[in-house]
Number of protein chains: 4
Amino acid sequence: MTKKIAIIGASGYTGAELIRLISTHGQIEIAALAANSKAGQSMAEVFPFLRHLDLPDLVTVDQIDFSQIDLAFCALPHKTSQKVINTLPKDLKIVDLSADFRLRDPAEYKKWYGNDHAAVEMQAEAVYGLTEFYRDEIAAARLVAGTGCNAATGQFTLRPLIAAGVIGLDDIILDMKCAVSGAGRSLKENLLHAELSEGYNAYAVGGTHRHQGEFDQEFSALAGREVKIQFTPHLVPANRGILSTGYVSGDAAEIHATLAEAYSGEPFVEVLPFGETPSTHHVRGSNFVHIGVTGDRIAGRAIIITALDNLCKGSSGQALQNANLMLGLEETTGLMGAPVFP
Amino acid sequence: MTKKIAIIGASGYTGAELIRLISTHGQIEIAALAANSKAGQSMAEVFPFLRHLDLPDLVTVDQIDFSQIDLAFCALPHKTSQKVINTLPKDLKIVDLSADFRLRDPAEYKKWYGNDHAAVEMQAEAVYGLTEFYRDEIAAARLVAGTGCNAATGQFTLRPLIAAGVIGLDDIILDMKCAVSGAGRSLKENLLHAELSEGYNAYAVGGTHRHQGEFDQEFSALAGREVKIQFTPHLVPANRGILSTGYVSGDAAEIHATLAEAYSGEPFVEVLPFGETPSTHHVRGSNFVHIGVTGDRIAGRAIIITALDNLCKGSSGQALQNANLMLGLEETTGLMGAPVFP
Amino acid sequence: MTKKIAIIGASGYTGAELIRLISTHGQIEIAALAANSKAGQSMAEVFPFLRHLDLPDLVTVDQIDFSQIDLAFCALPHKTSQKVINTLPKDLKIVDLSADFRLRDPAEYKKWYGNDHAAVEMQAEAVYGLTEFYRDEIAAARLVAGTGCNAATGQFTLRPLIAAGVIGLDDIILDMKCAVSGAGRSLKENLLHAELSEGYNAYAVGGTHRHQGEFDQEFSALAGREVKIQFTPHLVPANRGILSTGYVSGDAAEIHATLAEAYSGEPFVEVLPFGETPSTHHVRGSNFVHIGVTGDRIAGRAIIITALDNLCKGSSGQALQNANLMLGLEETTGLMGAPVFP
Amino acid sequence: MTKKIAIIGASGYTGAELIRLISTHGQIEIAALAANSKAGQSMAEVFPFLRHLDLPDLVTVDQIDFSQIDLAFCALPHKTSQKVINTLPKDLKIVDLSADFRLRDPAEYKKWYGNDHAAVEMQAEAVYGLTEFYRDEIAAARLVAGTGCNAATGQFTLRPLIAAGVIGLDDIILDMKCAVSGAGRSLKENLLHAELSEGYNAYAVGGTHRHQGEFDQEFSALAGREVKIQFTPHLVPANRGILSTGYVSGDAAEIHATLAEAYSGEPFVEVLPFGETPSTHHVRGSNFVHIGVTGDRIAGRAIIITALDNLCKGSSGQALQNANLMLGLEETTGLMGAPVFP
């Protein structure tokens with residue numbers, strides 16, 4: 001039987017990507033779309049690329065009758081999300097795509113986001129939404145917190161290696177190259193075509209990016225000790241994609257074997273043959289992750305490169321994957337579309 | 001029951017796009033993939049974005065057992081295609097994506113392509129593959145000739161108007177802006193990122209582009225008299241998309257009404273509200289066509305703008321749409337994926 | 001002796017482009033830079049690419065001592081410009097880059113811009129700044145109105161032809177492809193990299209773009225009768241460039257000869273050999289204009305394609321060219337830099 | 001008095017960039033342009049963006065009368081360059097832009113390039129062309145070897161730090177993001193717009209890129225011991241630019257002070273205020289280098305980011321800077337053009 005979902009925050013890129021994915025899903029019906037600032041508009045006005053679909057018009061959140069909804073996606077900005085979720089029925093299944101429920105410790109949340117959390121009790125309840133590592137908890141969860149897109153990418157690189165103890169923990173570096181849709185539909189000068197096209201730069205250098213909080217939480221828990229990595233994001237002139245170049249100490253062959261084993265049954269994660277390197281081109285528009293491992297000429301050093309689509313696997317695709325589990329549907333439904341190339 | 005298809009010429013962009021579309025089709029199985037120059041390689045080597053699929057390795061055409069094949073797609077360069085098709089079983093259903101069978105008149109073919117046709121009798125047999133206008137013939141055809149991508153775009157703009165007699169026939173101009181994948185995987189200096197990115201230019205100016213032959217054939221047949229339009233293609237720094245800006249004489253409201261009526265039952269063609277203009281962004285990666293009509297401040301003049309994805313609706317999507325008909329499947333199967341935005 | 005100039009509106013793209021050009025000019029000194037909203041900041045903060053230059057910090061307009069200034073460039077938004085210029089000394093030489101003084105007729109101004117002009121008497125005084133056609137008037141002018149970038153491009157195509165009477169006046173079409181810097185540093189969704197990159201569309205279709213007012217004024221004056229052309233601008237994913245594809249009736253060879261003759265002594269305008277087509281790539285970052293003429297297969301029809309850099313020749317380069325004349329300097333000083341390719 | 005130069009290999013990007021820079025130099029005359037494969041063609045045919053210049057047509061190398069030439073630039077592919085230079089007069093001043101004379105040790109050359117060097121004695125004679133560090137030797141040299149563009153970028157980051165002993169030598173990582181013009185005008189599938197635009201990837205991972213040879217040679221000489229760094233280049237969808245993100249151990253403030261001091265008198269190298277990060281946007285089309293230093297949240301770790309234009313400062317701009325020195329001209333002549341933004 002078809003499941004009914006609502007999308008709260010349907011006028012942003014992650015909301016639109018959810019609609020794109022669900023449009024050919026087959027077992028999920030979009031029953032309501034909310035976007036307070038654009039309530040009353042049709043989706044064809046807000047996102048003309050969805051014009052061919054028969055979608056409900058945008059409404060405000062309080063106009064939705066949640067008794068008819070099996071699951072709600074919250075694709076709102078952080079801070080807004082926790083406030084809105086506070087007003088929703090307490091038994092409603094929710095996949096939150098914001099940063100609000102990723103960090104379990106209220107102190108860590110405040111450290112990285114600057115404000116006291118408005119829904120502290122739900123912070124404890126929320127399951128971290130990295131499907132491949134929290135599958136059972138997600139299937140049983142009421143509230144799932146979608147991960148940061150950079151945080152997801154880095155964890156695909158490192159989690160199996162930290163868990164297996166095959167890399168050093170004190171000299172990990174992740175150098176990430178991020179496409180611009182990760183910044184959302186924000187109106188900022190540096191996101192204009194004229195200022196982004198044809199150039200690139202680092203930002204949030206020196207360990208100040210908020211996704212560090214997720215790395216700290218997850219890697220330290222896995223290792224059973226504090227793990228602090230170096231992480232530098234860069235903005236590159238492309239719309240979709242994250243490429244993470246990881247520098248670690250360890251045996252490259254063992255690292256490759258560990259990753260290949262860890263992901264051997266995963267439908268979306270491909271570990272390339274040893275020595276091959278992935279490209280964001282080859283995962284664009286899809287829910288797939290490509291991981292490549294190479295040794296360095298310096299013995300005991302390895303480079304691990306991971307590519308995914310920030311908007312799909314890094315956000316909305318992950319959210320749908322989690323929703324499938326929460327709704328008792330086959331996990332891959334609606335997500336097997338091949339990447340778009342060229 | 002699942003239909004078995006072969007793709008001949010699977011190492012180019014249109015072959016790869018066919019595989020992308022078929023990968024979630026459900027009723028078609030890819031039984032063989034041929035590419036003589038890359039025979040022996042896996043598709044993961046040739047197109048790593050298809051790595052997650054379980055596909056047959058590339059073979060040469062003569063290695064395929066066509067008795068097991070329900071339909072073959074030929075995605076070869078023109079001139080090569082007619083030679084290869086000449087060697088295939090005469091009862092094999094074929095969708096040809098090349099230019100070889102688009103022009104029915106051998107003299108016209110020679111005029112535009114420079115050589116005598118090697119399969120003249122099949123030229124007469126082939127059905128022109130613009131699905132929306134040749135649906136019944138295609139369903140009954142053995143050999144369907146996929147249209148030129150520019151030719152398709154221009155015909156979506158003009159066919160219903162010429163048929164209805166609501167525009168002048170002697171002052172039609174189509175100014176087209178074409179993305180680079182239309183040139184295929186050719187190694188030419190002007191297709192390099194360094195020489196295409198950040199600039200744009202016209203080419204084949206003055207009525208010399210080969211897709212003019214298709215316009216001449218189709219529009220003249222529709223009008224019952226010779227129709228010659230002006231058509232200027234431009235190369236723009238994008239990978240997918242054709243935007244055709246059409247300048248015609250006629251009543252803009254009548255033109256809009258004629259197009260809206262003509263396409264009212266079509267699953268893939270959307271006529272926008274009067275005065276709205278389409279964008280290639282909003283059809284990218286999909287089989288949809290968006291058409292907008294606007295009046296000019298000069299009375300009796302109208303502008304008709306049509307957008308589609310050259311690689312999908314302009315080529316491989318159209319081919320699959322035709323194959324669905326030829327195989328007795330629902331026409332839209334595998335083709336309802338929403339555009340990818342951003 | 002070095003001339004002192006001020007730039008009012010130095011925080012936008014045209015202001016920055018002026019600084020870029022003047023930085024190697026040699027005979028002009030930048031004495032003051034104003035930008036009310038960013039007063040107090042250094043140019044290195046506002047435009048880090050100018051970091052190596054020793055420039056005055058940004059001030060408000062009223063902080064400038066104009067008695068020390070030989071000429072002021074006004075690179076402000078339209079409507080703002082007329083108000084600011086109203087407050088400047090009445091004997092100050094000014095090159096205005098806004099739209100405010102392009103239309104001489106207050107009624108035409110109001111028709112296209114919607115408001116009553118705040119400096120009607122200066123409208124009459126201002127000289128239209130298309131250097132190649134108003135050279136003597138500009139050299140003697142106090143106030144010069146920089147042209148619209150599209151308006152400049154179309155006039156390079158058509159002025160000599162209308163003046164010589166070698167084309168029909170009632171069926172002229174200019175289809176323009178414009179890069180995004182023409183929209184300035186405005187924060188709008190459709191100017192974001194995520195929404196512009198990889199797609200393109202027409203805008204202001206049907207004769208509603210404001211640069212039509214300039215075409216009407218200039219072409220009608222040249223022809224001695226009303227001339228109304230069709231003009232459709234398109235936004236393409238590039239940062240600099242305008243490519244105008246012009247469709248006219250007339251003899252292509254005569255058209256080519258007329259243009260070649262008209263521009264034979266011009267330092268910045270290159271008429272290509274007959275049948276060649278220009279590209280925006282080949283004028284990017286420069287003050288050069290390339291014009292190509294081709295005949296059509298339809299007798300009596302010709303296509304004229306003109307390419308220039310909207311930010312340089314279409315705006316700031318033109319402004320500097322005019323300022324050179326107004327200051328008694330060699331017209332080409334600071335403007336002979338070759339295009340940047342790739 | 002004007003110096004006469006020849007450019008051998010004028011049909012590639014570095015040759016064209018040299019012509020662009022020299023076109024407004026004022027004290028250098030282009031007396032001959034050679035490109036064996038395109039001899040007989042005009043530069044307007046090969047690079048239409050240089051159409052406005054009065055340049056000699058392309059000839060073969062042996063058609064040049066070198067007795068009239070003060071200095072020759074060799075912008076040929078590596079291996080070809082050493083053969084051609086072998087045939088030139090032994091007293092001719094040469095700036096070579098290829099890789100052929102960068103490595104002084106023939107064994108190192110063979111290790112990285114695979115072949116025995118054809119001009120071993122000149123290898124010893126050649127001066128390494130990183131102007132800021134070999135200024136006096138270059139001024140006195142007959143043959144100067146232009147550096148690799150990545151090699152230049154990494155050395156701007158690291159040389160003063162290694163020389164001053166303020167960073168660890170055993171854990172240096174340079175993660176570089178390189179624009180596509182660095183690959184030259186090569187016809188390869190991965191350099192096509194369709195395959196590069198909108199995606200990015202690493203290449204030559206694990207210490208296999210040839211510019212490693214230059215790092216090994218130069219850093220080991222500076223340190224007085226073997227220094228091996230990790231270096232990973234990435235190809236990003238832009239035409240000009242290298243951004244190097246360097247990860248080192250050391251005190252960030254001391255590192256910043258050391259770099260600021262080292263480059264305090266340099267006309268082209270800008271060390272940004274502590275904590276700021278450069279962008280390739282802000283050096284594009286220019287000879288400038290921007291360097292930013294940031295501390296990490298992990299004590300004792302610093303990130304140093306360096307941006308330059310690979311084609312200008314990384315190649316042809318550097319070559320002209322060296323030629324100015326060799327010809328007794330002011331070092332900065334022709335090189336002070338501001339970056340092009342946007």
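Between chain C and chain B of this predicted model, 43 residue pairs are in polar contact, both residues at pLDDT 80 or more. A polar contact is a pair of N or O atoms within 3.5 Å; within protein, one atom must be able to donate a hydrogen and the other to accept it, and residues adjacent in sequence count only if both atoms are side-chain atoms. The side of chain C that touches chain B receives at least two residues from each of several elements, among them strand S8 (173-178), helix H9 (211-223) and strand S14 (301-308). Helices (H or I, at least four residues) and strands (E, at least two) are DSSP runs numbered from the N terminus. S8(C) provides the largest share, five residues. By class, this side of chain C comprises 23 nonpolar, 18 polar and 11 charged residues, where Ala, Val, Leu, Ile, Met, Phe, Trp, Tyr, Cys and Pro count as nonpolar, Asp, Glu, Lys and Arg as charged, and the others, Gly among them, as polar.

Four salt bridges are counted between chain C and chain B, a salt bridge being a side-chain nitrogen of Lys or Arg within 4 Å of a carboxyl oxygen of Asp or Glu. One of them joins Lys177(C) to Asp175(B), with the closest N and O atoms 2.9 Å apart. The contact (heavy atoms within 4.5 Å) involves 52 residues from chain C and 52 residues from chain B. About 4200 Å² is buried between the two chains, 54% of it contributed by carbon and sulfur atoms; buried area is the accessible area (1.4 Å probe) that two parts lose on being put together, summed over both. In chain C, the residues losing the most area to chain B are Glu198(C), Tyr200(C) and Arg297(C), which together account for 21% of what that side buries.

The contact of chain C with chain D takes 34 residues from each of the two chains. Here the buried area is about 2800 Å², with 66% from carbon and sulfur atoms. Two salt bridges are counted between chain C and chain D, including that of Arg51(C) with Glu276(D) at 3.4 Å, N to O. Six residue pairs are in polar contact across this interface, both residues at pLDDT 80 or more. Helix H1 (residues 13-22) of chain C gives the most to the side touching chain D, namely three residues. That side holds 15 nonpolar, 11 polar and eight charged residues.

Within chain A, an automatic or database domain assignment gives domain 1 (3-148 + 313-326) and domain 2 (150-309). Their centres, taken over C-alpha atoms, lie 24 Å apart. In chain A, 27 residues of domain 1 are in contact with 34 residues of domain 2, and the two domains bury about 2400 Å² between them, 50% of it on carbon and sulfur atoms. Tyr13(A), Trp112(A) and Lys313(A) supply 29% of the area that domain 1 buries against domain 2, more than any other three residues. Four salt bridges link the domains of chain A; in one salt bridge, the side chains of Glu218(A) and Arg104(A) meet at 3.2 Å, N to O.

Residues are numbered from 1 along each chain as its sequence is written, while chains are lettered from A and ligands numbered from 1 in the order in which they are written. Local features need pLDDT of at least 70 and side-chain atom pairs count only at pLDDT 80 or more, whereas totals for chains, interfaces and linings use all residues, and side-chain values use heavy atoms, with hydrogens and water left out.
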